[in-house]
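Here are a few friendly notes to read alongside the model. Have a look at the fold, then work through the points below.

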Amino acid sequence: MKRVALLGGLILIGGLSMTAAGLQRGEGRGQGRGDGRGRGPQGPNVAQIEKVRDDLYEITGGGGNSAAFITTNGVVLVDTKLAGWGQAIMDKIRTVTDKPVVEIINTHTHGDHTGSNEYWHPSIEIVAHANTKANMEKMDAFKGDKAAYLPKHTFTDRMDIGSGKELIELYYFGRAHTNGDAWVLFKNDRVLHAGDAFAGMGAPIIDANNGGSAVDYGRTLENAYKGIKGVDSIITGHANKLMTMADLKTFADYNNDFVEWVKKEIKDGKTSDQAVMEYKVPERFAARGVTASTTGLFGGIKGNIETAYKELKK
């Protein structure tokens, strides 16, 4: 499998020769403030920061959960939240370090994880899976001169960033939330950032338009559970608490069980609408915190059932 060491190499060429202030594009310009939109002046966007390890922090609010990893050369940031949240992220990073952000990792394409890429100087390295870059290229937010904030380096199965105690391992195990979900392991800290492939213990969020798959979801999670070793804690895409590998295994089992249930519904001649009316989270998974709303992003469990039907009936 291909491994590429970036931090300490490529990023030093362009990014680290600049001052910390220069790297934080837009800092101090009021980025992250509302424009009112007829409701009067809006206050600044405010994120929250929580220490995960001495050199690793989780930043919540404004979209997906971000991670800030403090290295010798600067901060590696995982996911940049919604557009306009760059200053809010920097405000929180500044409470724990004066080092600049020197590299960004996007776990997948969605705007609540890539929306503030443009806050930082375009010379900063941005890394993502190859499929994620292809998906981002279709987004209006990265057209024209904004293409400067697309990933500059991509991987297909594995990539290493940094070395020693600052080693970050990137993994790809297949389609789930999208077709480009990156798993980010902070090796020495034994902490995994799962992005929205494991957003929490609710119904999985499946974006079929960006390559997500209901049928592959559980298998992908199972592959991640088996393929990533040495993890004590997981930063999920949206949950408000850290998860464990045992939680990931539960979620993988749930998704695999869900696909088998849909197969049975199809075999019994049920329509997707009938299946939606009948679905209930099995008690063995509900007892471990799995929930499934019929509403939500991409239609909640209703959307999942419809996506699974489409995939299985091809």
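1. Which residue caps the N-terminal end of helix 6? Ser213 does, with a side-chain oxygen 3.3 Å from the backbone nitrogen of Val215. Helices here are DSSP runs of H or I with at least four residues, strands are E runs of at least two, and both are numbered from the N terminus.

2. Before going further, please keep in mind that this is a predicted model, where local features need pLDDT of at least 70, side-chain atom pairs count only at pLDDT 80 or more, and totals for chains, interfaces and linings use all residues. Residues are numbered from 1 along each chain as its sequence is written, and side-chain values use heavy atoms, leaving out hydrogens and water.

3. Back to helix 6: its buried residues (under 20% relative accessible area, 1.4 Å probe, protein chains only) include Tyr217, Leu221 and Glu222. They pack against strand 10 (183-186), helix 7 (245-267) and helix 10 (300-312).

4. Setting aside neighbours within four places in sequence, Phe198 is in contact (heavy atoms within 4.5 Å) with residues including Trp183, Ile234, Met243 and Phe251.

5. Helix 3 (residues 86-93) is mostly covered, with six of its eight residues buried. Its cover includes strand 1 (48-53) and strand 5 (101-105).

Definitions and conventions. Buried < 20%, exposed > 50% of the residue type's maximum accessible area, 1.4 Å probe, protein only. Polar contact = N/O pair within 3.5 Å; in protein donor to acceptor, adjacent residues only side chain to side chain.
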